[in-house]
Amino acid sequence: MKLLYLGDVVGKAGRDAVLKHLPEIRKKLGINFTIINGENSAGGFGINEKTVNQLFDIGTDVITCGDHTFDQKETKFFINKYSGLLRPHNFPKHLPGRGYNIYNIAVKKILVIH
């Protein structure tokens, strides 16, 4: 199994590069599972739903977020909608979202904990 992790995708320039090149890289290298840190992908601060959908549409399996998870106020309203969108696991339990999930890829399971 081949995994790809891309660190902090920042702002429009980072998003544009990932949107342009990720599908080709996945295909060329035979990537089975892709994780992207997207906590700064919306204008350099936080993440929004449009960006989440763009990243999932090109083959991203999991988007991790960090201390900027809720910089975009709308995030708290959609974060639970996506099983592949993770906030840090050590955030207070009352905050929306999840800090880990198990993903089934073919006959294997992948635990991503952030």
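Modeller: Let me begin with the words helix and strand, which here are DSSP runs numbered from the N terminus, a helix being H or I with at least four residues and a strand being E with at least two. This is a predicted model, in which local features need pLDDT of at least 70 and side-chain atom pairs count only at pLDDT 80 or more, while totals for chains, interfaces and linings use all residues. Residues are numbered from 1 along each chain as its sequence is written, and side-chain values use heavy atoms, with hydrogens and water left out.

Biologist: Okay, so where does glycine 84 lie?

Modeller: Glycine 84 is in the loop that runs between helix H3 (75-78) and strand S4. Because its relative accessibility is 5%, glycine 84 counts as buried, a word that means under 20% relative accessible area, with exposed meaning over 50% and partly exposed in between (1.4 Å probe, protein chains only).

Biologist: And which residues does glycine 84 touch?

Modeller: If residues up to four places away in sequence are not counted, glycine 84 touches Phe56, Asp61, Val62, Ile63 and Tyr103, where contact means heavy atoms within 4.5 Å. Tyrosine 103 is 19 residues from glycine 84 along the chain, and their C-alpha atoms are separated by 8.6 Å.

Biologist: Now the sheet: in what order do the strands come?

Modeller: There is an open sheet of 4 strands in the order S1-S2-S3-S4, with parallel pairing, and two strands count as paired if DSSP finds at least two bridges between them. Strand S1 (3-6) and strand S4 (85-86) stand at the edges with a single partner strand each, so one side of each has no neighbour in the sheet.

Biologist: How many bridges join S1 to S2?

Modeller: S1 and strand S2 (residues 33-37) run parallel and are joined by 4 bridges. Leucine 3 stands opposite phenylalanine 33 in S2, and leucine 6 stands opposite isoleucine 36 in S2.

Biologist: Is S2 itself enclosed or open?

Modeller: S2 is largely enclosed by the rest of the structure, because 5 of its 5 residues are buried. In a regular strand the side chains alternate between the two faces of the sheet. In S2 both faces are covered, with Phe33, Ile35 and Asn37 buried on one side and Thr34 and Ile36 buried on the other.

Biologist: What lies across the strands, then?

Modeller: Helix H1 lies across S1 and S2, running at about 155° to S2, and helix H2 lies across S2, strand S3 (62-64) and S4, running at about 140° to S3. For such values, axes are lines fitted to C-alpha atoms, for helices over the stretch in contact, and angles run from 0 to 180 degrees between N-to-C directions.

Biologist: How do H1 and H2 sit against each other?

Modeller: The axes of H1 (residues 11-29) and H2 (residues 49-57) come within 9 Å and cross at roughly 25°. That makes H1 roughly parallel to H2, since angles under 35 degrees count as roughly parallel, over 145 as roughly antiparallel, 65 to 115 as roughly perpendicular and the rest as oblique.

Biologist: Which residues make that contact?

Modeller: On H1 they are Arg15, Val18 and Leu19, and on H2 they are Thr51, Gln54 and Leu55.

Biologist: Where is isoleucine 58 found?

Modeller: Isoleucine 58 is in the loop between H2 and S3, and at 18% relative accessibility isoleucine 58 counts as buried. Leaving out residues up to four places away in sequence, isoleucine 58 touches Val18, Leu19, Leu22, Pro23 and Arg26.

Biologist: New topic: how do S5 and S6 pair?

Modeller: S5 and S6 pair in the antiparallel sense over 6 bridges, and they form a hairpin with 2 residues between them. Lysine 108 in S6 is the bridge partner of isoleucine 105.

Biologist: What about alanine 106?

Modeller: Alanine 106 has a positive phi of about 55° although it is not a glycine. Most residues other than glycine have a negative phi. Alanine 106 is placed in the loop between strand S5 (100-105) and strand S6 (108-113), and at 79% relative accessibility alanine 106 counts as exposed.

Biologist: Last one: what is lysine 108 in contact with?

Modeller: Leaving aside neighbours within four places in sequence, lysine 108 is in contact with Met1 and Tyr103. Methionine 1 is 107 residues from lysine 108 along the chain, and their C-alpha atoms are separated by 9.0 Å. At 45% relative accessibility, lysine 108 counts as partly exposed.
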